[in-house]
Amino acid sequence: MDVDTAAQTCTDVVDAVSEAVVTDRAFLETVLAGALARGHVLLEDVPGTGKTLTARSIATAFGLAFNRVQFTPDLLPADITGSHVYDARTESFDFNPGPVFANVVLADEINRAPPKTQAALLEAMEEGQVSVDGESHQLPEPFFVIATQNPVEQEGTFRLPEAQRDRFAVKAGIGYPDRAGERELVDRRADRHTTAPEVSQVVPDDALAALQQVPETVSVSDGVRDYVVDVGRATREDDRVDVGVSPRGTQRLFEVARARAVVHGRDYVAPDDVKQIALPVLVHRLVLTGEAAVEGVDPADVVRDVLDRVQVPAVS
């Protein structure tokens, strides 16, 4: 698949998802860029904004197998990965795959499950496999996790540790629609007989796997590569930051910038790709100092300040 075909495929998917989810197009492109970069996406927003619908619609538009896991305080790791079940007919234990065995897995309200259960996703997200009772089981390809969490109702929740947040390529929020968008939601509901909008598959079954190969063909100049590294390193030098962006985070910035270039139909990465994707890729990776946290410093402001300080390379 070439870049032009990939860009048109991305446009078709975004158009299809937009028929169900009323949101900013840039948000859907960010989520798609995370998928193209072989990463995972963390969606954080208030209830009722369409996080679950977004995940389901993307899976349907691509024609991918989709499973939803509702995270709760009593959810066990085996409820995600699966377990061995005794078969009396064969007098043996057979592996019963859990809901993580799908192309797109929605980890709904991931911060409501205890850390041990949250950690059950780590191996799946990082290595594309799960280990149960000493046996490794490969997950289907492609594999893509969309996790959601609410910034409200924090009682009884378990904050994602830094190591797990670092596994998400991007973190994004849908936000409230504007007045026209909210009116469109009402009009759409009035024109159908079902409560949930439906999205049809718009691309071939293997489209996402093919799309994930395209960013590898995108060229990145030495100047832009230096820019990516300088932005990541600059977060570690900010006085408000206790733990800055990890080397993994710098690589994710590079990968998602390439994916964004594909979404926009270019076979090269421009500095603007890095700037536009920096907040979704970097903000959730920062750990502020205690003083900065008490003062209410927003990690997004730290990233914006870094982008203002780091010199942008010239593009020929």
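**Briefing: sheet, helices and cores of a predicted model**

At 41% relative accessibility, Arg 38 counts as partly exposed, a class between buried (under 20% relative accessible area) and exposed (over 50%), taken with a 1.4 Å probe on protein chains only. Arg 38 sits in the loop between α2 and β1. Its phi is near 60°, a positive value in a residue other than glycine.

The model is predicted, so local features need pLDDT of at least 70 and side-chain atom pairs count only at pLDDT 80 or more, while totals for chains, interfaces and linings use all residues. Residues are numbered from 1 along each chain as its sequence is written, and side-chain values use heavy atoms, with hydrogens and water left out.

Helices (H or I, at least four residues) and strands (E, at least two) are DSSP runs, numbered from the N terminus.

**Sheet and hairpin**

- Five strands form an open sheet in the order β2-β5-β8-β1-β9, with parallel pairing. Two strands pair if DSSP finds at least two bridges between them.
- β2 (66-70) and β9 (170-172) are the edge strands, each pairing on one side only.
- From one strand to the next, the twist averages 20°.
- β1 (residues 41-44) and β9 run parallel and are joined by three bridges. Leu 43 stands opposite Ala 172 in β9.
- Helix α2 (residues 25-36) lies across β1, β8 (144-149) and β9. α2 runs at about 150° to β1. Axes are lines fitted to C-alpha atoms, for helices over the stretch in contact, and angles run from 0 to 180 degrees between N-to-C directions.
- Strands β3 (residues 82-87) and β4 (residues 92-97) run antiparallel, joined by six bridges. Ser 83 stands opposite Asn 96 in β4.
- β3 and β4 make a hairpin with four residues between them. Glu 91, in the turn, has a positive phi of about 55°.

**Nonpolar cores**

- The largest nonpolar core has 73 residues. Leu 36, Phe 62 and Leu 253 touch the most other members. Such a core is a set of buried Ala, Val, Leu, Ile, Met, Phe, Trp, Tyr and Cys residues joined through side-chain atoms within 4.5 Å.
- Leaving aside neighbours within four places in sequence, Phe 62 is in contact (heavy atoms within 4.5 Å) with residues including Val 13, Leu 32, Val 203, Pro 204 and Leu 211.
- A second, separate core of 23 residues includes Leu 42, Val 69, Val 130 and Phe 143.
- In soluble globular proteins, nonpolar side chains tend to be buried together.

**Helix packing**

- Helices α11 (residues 247-263) and α12 (residues 271-282) pack at about 130°, with axes 9 Å apart. α11 and α12 are therefore oblique to each other. Angles under 35 degrees count as roughly parallel, over 145 as roughly antiparallel, 65 to 115 as roughly perpendicular and the rest as oblique.
- Residues making this contact include Gly 249, Leu 253 and Val 256 of α11 and Val 274, Ile 277 and Val 281 of α12.
- Helix α10 (residues 222-236) packs on α12 at about 25°, with axes 11 Å apart. That makes α10 roughly parallel to α12.
- Val 224, Tyr 227, Val 228 and Val 231 of α10 meet Pro 271, Val 274, Lys 275 and Leu 282 of α12.

**Individual sites**

- Ala 169 is in the loop between α7 (162-165) and β9. At 1% relative accessibility, Ala 169 counts as buried.
- Leaving aside neighbours within four places in sequence, contacts of Ala 169 include Gly 39, His 40, Arg 252, Val 256 and Val 281.
- The C-alpha atoms of Ala 169 and Arg 179 are separated by 31 Å, though the two are 10 residues apart along the chain.
- Glu 109 lies in the loop between β5 (104-108) and α5 (115-118). Its phi is near 55°, a positive value in a residue other than glycine. At 18% relative accessibility, Glu 109 counts as buried.
- A cis peptide bond joins Glu 141 and Pro 142, with omega about -5°. Pro 142 is in the loop between β7 (135-138) and β8.
- Asp 308 is in helix α14 (residues 299-309). At 65% relative accessibility, Asp 308 counts as exposed.
- Asp 308 and Ala 33 are 275 residues apart along the chain, and their C-alpha atoms are separated by 24 Å.
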